[in-house]
Amino acid sequence: MKKHLFYSLKSFIIIFFLSLIVLSEYGIPYASRLTDKYVNYKKLWGAKPVIKDADPIVMKHKKNNKAALLIHSYAGVPLNMKFLAEKIYNSGYDVYVPLLPGHGTTREDMKTTTFADWYSLVRKAYENLSSKYIKIIAVGDFTGGSLLLKLIIEEKPLLNSIVLINTPVMLLG
């Protein structure tokens with residue numbers, strides 16, 4: 001019992017300090033800062049990275065009604081999801097892995113983007129796919145999973161399944 005209490009207290013302290021960092025970085029509420037400045041429907045899958053091999057990934061079959069939206073982690077690039085993207089593509093899905101704003105470019109770009117900017121891209125990517133596909137699955141790695149959870153909570157999308165990889169969550173109750 002004492003061990004459980006110790007680990008619960010330790011977890012609470014860590015989450016508390018992480019929350020303070022997030023609040024100091026993004027403010028309250030960050031949803032009010034939601035912008036579309038990084039989203040261009042014509043270039044949704046065509047971001048121009050500076051880092052080699054950081055391009056968005058698009059893998060499409062000739063005729064398909066199933067798609068997978070994969071979202072990479074913080075400071076990551078779509079290449080981090082390539083192995084998983086290929087496996088999902090080989091199972092019959094069209095696969096889309098956008099490059100989050102500020103990622104794959106320069107340090108200065110990263111400093112000027114926020115969680116709201118990344119979420120805006122994820123929301124628009126889902127809207128883009130939902131207009132073309134009947135069945136959509138979503139996979140998020142770390143921050144990508146947090147972005148997908150926010151999408152589920154706020155937009156209530158019609159996703160057939162969601163996979164969260166290393167996504168920090170806190171279960172209450």
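Me: Leaving aside its neighbours within four places in sequence, which residues is T167 in contact with?
Reply: This is a predicted model, and T167 lies in the segment after β5. Leaving aside neighbours within four places in sequence, the contacts of T167 are G140, F142, G145, S146 and L149.

Me: Is T167 buried or exposed?
Reply: The relative accessible area of T167 is 13%. Buried means under 20%, so T167 is classed as buried.

Me: In what order do the strands of the open sheet stand?
Reply: The protein has 5 helices and 5 strands, and from the N terminus its elements run α-β-β-α-β-α-α-β-α-β. The 5 strands form an open sheet with mixed pairing, and their order in it is β1-β3-β2-β4-β5.

Me: Which strands stand at the edges of that sheet?
Reply: An edge strand here has a single partner strand, so one side of it is left without a neighbour in the sheet. Neighbouring strands are turned by 15° against each other on average, direction ignored. The strands at the edges are β1 (57–59) and β5.

Me: Which residue of β5 is the bridge partner of I137?
Reply: Strands β4 (residues 135–141) and β5 run parallel and are joined by 5 bridges. Strand β5 covers residues 161–165. Within β5, I137 has as its bridge partner S161.

Me: What angle does the direction of helix α5 make with that of β4?
Reply: Helix α5 (residues 143–155) packs on the sheet, where it touches β2 (66–71), β4 and β5. Its direction and that of β4 make an angle of about 135°.

Me: Which residues make the nonpolar surface patch of about 190 Å²?
Reply: A patch residue needs over 30% relative accessible area. L164, in strand β5, is partly exposed at 35%. The patch of about 190 Å² is made by I152, I162 and L164.

Me: At what N to O distance do the side chains of K150 and E154 meet?
Reply: The structure holds 2 salt bridges. K150 and E154 both lie in helix α5, 4 residues apart, about one turn of the helix. K150 counts as buried at 8% relative accessibility, whereas E154 is partly exposed at 41%. Their side chains meet in a salt bridge, N to O, at 2.5 Å.

Me: Which residue meets R123 in a salt bridge?
Reply: R123 counts as buried, with 11% relative accessibility. The N to O distance is 3.7 Å, and the partner of R123 is E127.

Me: Among contacts between residues at least 6 apart in sequence, what share joins residues at least 24 apart?
Reply: Of the 173 residues in the protein, 39% are buried. Among contacts between residues at least 6 apart in sequence, the share that joins residues at least 24 apart is 74%.

Me: What percentage of the accessible surface belongs to carbon and sulfur atoms?
Reply: The accessible surface of the protein comes to about 10,800 Å². The part of this surface that belongs to carbon and sulfur atoms is 61%.

Conventions
Residues are numbered from 1 along each chain as its sequence is written. This is a predicted model: local features need pLDDT of at least 70, side-chain atom pairs count only at pLDDT 80 or more; totals for chains, interfaces and linings use all residues. Side-chain values use heavy atoms; hydrogens and water are left out. Patches are made of residues with over 30% relative accessible area and no salt bridge: like charges are joined within 9 Å, nonpolar side chains (Val, Leu, Ile, Met, Phe, Trp, Tyr) within 5 Å. Accessible areas come from the Shrake-Rupley method with a 1.4 Å probe; for residues, only the protein chains shown count as cover. A salt bridge is a side-chain nitrogen of Lys or Arg within 4 Å of a carboxyl oxygen of Asp or Glu. Helices (H or I, at least four residues) and strands (E, at least two) are DSSP runs, numbered from the N terminus. Buried means under 20% relative accessible area, exposed over 50%, partly exposed in between (1.4 Å probe, protein chains only). Two strands pair if DSSP finds at least two bridges between them. Axes are lines fitted to C-alpha atoms, for helices over the stretch in contact, and angles run from 0 to 180 degrees between N-to-C directions. Contact means heavy atoms within 4.5 Å.
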